[in-house]
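Work through the exercises below with the sequence and the model open. Each task is followed by a solution in steps.

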Amino acid sequence: MNAKKYLPIALFIGFQAFVLQALDQAICAGIPPLAAGGGWISFQAWAMYFLGGCTPKGGARALIGYLLGMAASIAIMVGGGALGGLGFWAMPVILLILVPVILYLDIAPEMINFVPAVFVGAGVFFGVMSYVPGASFSNAFIAEGVYCVIGLVFGYITITFRGWYEEKYVNP
């Protein structure tokens, strides 16, 4: 595909990014704890849609991975707190215990074995809990989940548009 034929795809994706940012600032402003600051989560989930294979099933696997990652983060934080008497070693020890368990998802049934999405979902959750004032397990879970779904929908729209465009104009 040459640059001229690719231009509509690039412009469409740019327009999607524009819409996503406007959506974050306008409509999602009331989603605590992020309050119009979680668009970055949607952009990560959008990319995860592609890593999941660019299909609705892959998107569902990504969403499940995000949910499992958030649950794993909660288990790690609660477990680390329970081991607080270990001081410095509390979090390393709970990670040594729980990360191998989480990695067993790699050999689990297909819909729950998308480990990269689990790690991204967990990382996002840790980030929200660590750096967003007023974050709680429940509001961080809801906010990350909403932004994740938005990103996955944008991934689906990207692939749908690109498939339609390429079929009609690039490879008719």
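A contact means heavy atoms within 4.5 Å. With that cut-off, residues 24 or more positions apart account for 70% of the contacts in the protein chain with a separation of 6 or more. The model is predicted: local features need pLDDT of at least 70 and side-chain atom pairs count only at pLDDT 80 or more, while totals for chains, interfaces and linings use all residues. Residues are numbered from 1 along each chain as its sequence is written, and side-chain values use heavy atoms, with hydrogens and water left out.

**Exercise 1. Describe the protein chain as a whole.**

Step 1. Helices (H or I, at least four residues) and strands (E, at least two) are DSSP runs, numbered from the N terminus. The protein chain has six helices and zero strands, in the order α-α-α-α-α-α.

Step 2. The C-alpha trace spans about 65 × 40 × 20 Å along its principal axes.

Step 3. Buried means under 20% relative accessible area, exposed over 50%, and partly exposed in between (1.4 Å probe, protein chains only). Of the 172 residues, 38% count as buried.

**Exercise 2. Determine how α3 and α5 pack.**

Step 1. Axes are lines fitted to C-alpha atoms, for helices over the stretch in contact, and angles run from 0 to 180 degrees between N-to-C directions. The axes of α3 and α5 come within 6 Å and cross at roughly 50°.

Step 2. Angles under 35 degrees count as roughly parallel, over 145 as roughly antiparallel, 65 to 115 as roughly perpendicular and the rest as oblique. The two helices are therefore oblique to each other.

Step 3. Residues of α3 that meet α5 include Ala 62, Tyr 66 and Met 77; among their counterparts in α5 are Ala 117, Gly 121 and Phe 125.

Step 4. Sort the residues by class: Ala, Val, Leu, Ile, Met, Phe, Trp, Tyr, Cys and Pro count as nonpolar, Asp, Glu, Lys and Arg as charged, and the others, Gly among them, as polar. The contact of α3 with α5 has 14 nonpolar, four polar and no charged residues.

**Exercise 3. Locate the nonpolar cores.**

Step 1. A nonpolar core is a set of buried Ala, Val, Leu, Ile, Met, Phe, Trp, Tyr and Cys residues joined through side-chain atoms within 4.5 Å. The largest has 23 residues, and those with the most contacts inside it are Ile 41, Met 48, Tyr 66, Val 128 and Leu 152.

Step 2. The elements that give two or more residues to this core are α2 (39-51), α3 (56-82), α5 and α6. α6 gives the most, with six residues.

Step 3. A second, separate core of eight residues includes Ile 94, Leu 105, Ala 108 and Val 118.

**Exercise 4. Characterise Cys 54.**

Step 1. Cys 54 is found in the loop between α2 and α3. Its relative accessible area is 30%, so Cys 54 is partly exposed.

Step 2. Phi of Cys 54 is near 65°, a positive value in a residue other than glycine. Most residues other than glycine have a negative phi.
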